[in-house]
Every structure is written in structure tokens, then in C-alpha cells.
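Please look at the sequence and the structure first.

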Amino acid sequence: MNSVQLSAPSAPTITNTQISQLTDCNSNDGEIILTVTGGTGSFEYSIDSGLTWSVNSSFVGLSENIYHTRVRNINGTCEVIGQTVTIVSPTSPSITNISHTDPTDCGVSDGVISITANSGGSIALEYSIDGGQVWSTSNVFFGLSEDIYSIAVRKIDGTCLVHDIDVALIDKIPP
């Protein structure tokens with residue numbers, strides 16, 4: 001009688017989970033890359049608890065979400081549960097107040113707009129009164145004439161642009 005030795009496939013091991021968070025508010029540029037060793041043959045990868053599988057270990061174009069990583073041998077054996085990964089979006093600034101002072105007389109450029117905003121963290125903000133064409137680190141704009149100003153705020157690194165209402169500065173009406 002001949003003996004036959006049977007061996008089970010070996011399980012893969014996730015040795016590294018590389019995570020790239022979103023670079024801008026509400027963007028879809030997150031990334032998860034799984035590095036795997038061991039196992040038998042090639043692998044399949046999942047970031048949705050095994051609902052779908054890919055032969056590619058890099059998942060790009062991800063949005064803000066919670067991802068549940070898994071890997072298995074390509075023949076479907078030896079599924080291993082990996083790390084739960086949270087991809088987050090930076091916090092957008094919020095404009096909390098806009099105050100303005102109209103010019104004091106016809107044709108005079110002494111109007112003022114002051115913008116109060118919360119960055120949602122410790123990063124500095126930039127302010128614009130022309131819809132984002134020109135930016136300033138100052139939140140107060142002096143020497144303004146009668147016009148309609150389009151208010152915008154963003155993080156100083158250029159991310160997380162937020163538009164708000166337009167502000168109209170009005171000259172005094174001549175008697």
C-alpha cells in the first residue's frame with residue numbers, strides 16, 4: 001500500500017497596509033495598498049469584507065468610508081481578515097459670520113468686509129472677496145467701493161474651498 005501525503009494550502013499574511021488619506025475635502029483620491037506574503041500561489045484582495053475581490057492589491061480613487069480588508073489565495077482558500085481602514089476627508093472650513101460697512105459717500109472707497117471662519121482644526125485660512133480669484137491671509141478687506149463681492153474661504157494649502165453668499169456694498173444715495 002502506497003501512502004499519500006495531503007497538505008492543505010497555506011494562508012497568506014497581510015504584512016503591511018499602506019493608507020493614503022484624502023487630499024481635499026470631498027475628494028475621491030484615497031488609497032489602500034496591501035502587501036501580502038506566504039499563502040499558496042497568487043492572491044485576491046478585498047476592501048469590502050469579501051463581497052468583491054480583485055487580483056490587484058492597490059485600491060485607488062477611494063472616498064471617505066470605512067474599509068474592511070481581506071486577502072485569500074486566488075483559488076478562494078484560506079481567507080484572512082485584515083485591518084479595518086478608515087479613509088477620512090479633511091474638515092472643511094465654515095464661514096460663521098460676514099460683516100460689512102458700506103462706503104460713507106458716493107464714489108468713496110472706504111467700505112469694509114470682515115469674514116469670520118472656523119478652519120475645523122489648526123490650519124490657517126485664506127479669504128477671498130472675488131470668488132477665489134485673489135486670496136489673502138487677512139480676513140478683513142478695507143478700501144472697498146460699491147460693488148457685489150463673492151465671499152470664499154479655503155485652507156492655506158489651497159484645499160477645502162467654501163463659497164458663501166455675495167455681499168453688496170452700496171454707496172450713499174445723493175440727495
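Leaving out residues up to four places away in sequence, E126 touches W135, S136, A152, V153, R154, K155 and I156, where contact means heavy atoms within 4.5 Å. This is a predicted model, in which local features need pLDDT of at least 70 and side-chain atom pairs count only at pLDDT 80 or more, while totals for chains, interfaces and linings use all residues. Residues are numbered from 1 along each chain as its sequence is written, and side-chain values use heavy atoms, with hydrogens and water left out.

**Confidence**
- The average pLDDT of the protein is 92, and 98% of the residues score at least 70; pLDDT is the predictor's confidence in each residue, from 0 to 100.
- Strands (E, at least two residues) are DSSP runs, numbered from the N terminus.

**E126**
- E126 belongs to strand β9 and counts as buried, at 13% relative accessibility. Buried means under 20% relative accessible area, exposed over 50% and partly exposed in between (1.4 Å probe, protein chains only).
- The side chains of E126 and R154 make a polar contact at 2.7 Å. Such a contact is a pair of N or O atoms within 3.5 Å; within protein, one must be able to donate a hydrogen and the other to accept it, and residues adjacent in sequence count only if both atoms are side-chain atoms.

**Nonpolar cores**
- The largest nonpolar core has 15 residues, of which I95, I113, I115, I129, L144 and I151 touch the most other members. A core is a set of buried Ala, Val, Leu, Ile, Met, Phe, Trp, Tyr and Cys residues joined through side-chain atoms within 4.5 Å.
- At least two residues of this core come from each of β7 (94-101), β8 (111-118), β9 (125-128), β10 (140-144), β11 (147-155) and β12 (162-169).
- Another core, of 14 residues, lies apart from it and includes I14, I47, F59 and V85.

**T96**
- T96 lies in strand β7 and is exposed, with a relative accessible area of 52%.
- Beyond its neighbours within four places in sequence, T96 contacts T116, A117 and N118.
- T96 and A8 are 88 residues apart in sequence and 62 Å apart in space, C-alpha to C-alpha.

How values were computed:
Helices (H or I, at least four residues) and strands (E, at least two) are DSSP runs, numbered from the N terminus.
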